[in-house]
Amino acid sequence: MTTVQEQRTAEELKALAEQAGRDLEDASALEILQWAAETFGKRFCVTSSMEDAVVAHLASRAMPGVDVVFLDTGYHFEETIGTRDAVDAVMDVNVITLTPRRTVAEQDAEFGPKLHDRNPDLCCAMRKVEPLERGLKDYQAWATGLRRDESPTRANTPVVGWDDKRQKVKISPIARWTQDDVDAYVTEHGVLTNPLLMDGYASVGCAPCTRRVLQGEDARAGRWAGRSKTECGLHG
Ligand code: SF4
């Protein structure tokens, strides 16, 4: 049987996203995710970098068993893979791991070693953007952990918006949160976090492209440090 969700066109989804962005601007993160669960059902997923499991935890409260999509680039810290495994083991979510078309060894053979140092945009395109787009194919809406306070490039993140590139509804339920709000939620609910956050890292990505942050730097300053690159292509 065809569901209401399956019948929606891109125009209808876009209108839905823009209306919800206005209506839910002041809603709590849980209310935003409850709206997503009711509106999209199984056509909704959460993406997680496994920096922490805050959005996955919130989403599992709104929709037990929710799909949590993780991109395994082949370059993650062991701690990140461990966090993914722990989330899978203890939370009421369905972790889905996406992998690039090429292993790191295959990429090295074809493009030369350390492509991340020479052409990080191409490396991210092959190891993050393409797998995500493949993985999101059957969903109408995806939730992220983007926050407005993370960096100037994220300052205008809507709580619900339209991802024109992928023709999906993009939900950022904690867009209005600060780091203090995240810390308070982690403490209150005992949420799993990546151990690297206790070791000087404020934002955790692939090992070759992530360093600890210095005092006074914004949370994403440790990503692609020394380069103009600030985003991997997943979010703009
Ligand atoms: Fe490659 Fe670095 Fe992008 Fe990871 S963050 S996919 S290693 S360029």
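Author: W35 is buried, and F40 is buried as well. Here buried means under 20% relative accessible area, exposed over 50%, and partly exposed in between (1.4 Å probe, protein chains only). The model is predicted: local features need pLDDT of at least 70 and side-chain atom pairs pLDDT 80 or more, while totals for chains, interfaces and linings use all residues. Residues are numbered from 1 along each chain as its sequence is written, and side-chain values use heavy atoms, without hydrogens and water.

Reader: How many aromatic pairs does the structure hold?

Author: Three. Rings of Phe, Tyr and Trp (its six-membered ring) pair if their centres lie within 6.5 Å; planes under 30 degrees apart are stacked, over 60 edge-to-face, and the rest tilted.

Reader: Why is the pair of W35 and F40 called edge-to-face?

Author: The ring centres of W35 and F40 are 5.5 Å apart and the planes stand at 90°, so the pair is edge-to-face.

Reader: What makes the pair of W177 and Y185 tilted?

Author: The centres of W177 and Y185 are 5.7 Å apart, with 50° between the planes. W177, with a relative accessible area of 16%, is buried, and Y185 at 6% counts as buried too.

Reader: Where does UniProt place the feature "binding site"?

Author: The unreviewed UniProt entry places this feature at C123, C124, C206 and C209; such annotations may be inferred rather than shown by experiment, feature names are shortened, and positions follow the numbering used here.

Reader: How do you know that these residues gather at one spot?

Author: They span 87 residues in sequence, yet no two of their C-alpha atoms are more than 11.0 Å apart, so they gather at one spot.

Reader: Why is C124 called buried?

Author: Its relative accessibility is 8%, so C124 counts as buried. C124 lies in helix α8, residues 120-135; helices (H or I, at least four residues) and strands (E, at least two) are DSSP runs, numbered from the N terminus.

Reader: What makes C206 buried, and what is C206 in contact with?

Author: C206 has a relative accessible area of 12%, and is therefore buried. C206 sits in the segment after α9 (179-189). Leaving aside neighbours within four places in sequence, C206 is in contact (heavy atoms within 4.5 Å) with T73, Y75, H76, F77 and K128.

Reader: Which strands are the edge strands of the open sheet?

Author: Six strands form this sheet in the order β3-β2-β1-β4-β6-β5, with mixed pairing. Two strands pair if DSSP finds at least two bridges between them. The edge strands are β3 (93-98) and β5 (160-163), each pairing on one side only.

Reader: How many bridges join β2 to β3?

Author: Six bridges join β2 (residues 66-71) to β3, and the two strands run parallel. V68 stands opposite V95 in β3.
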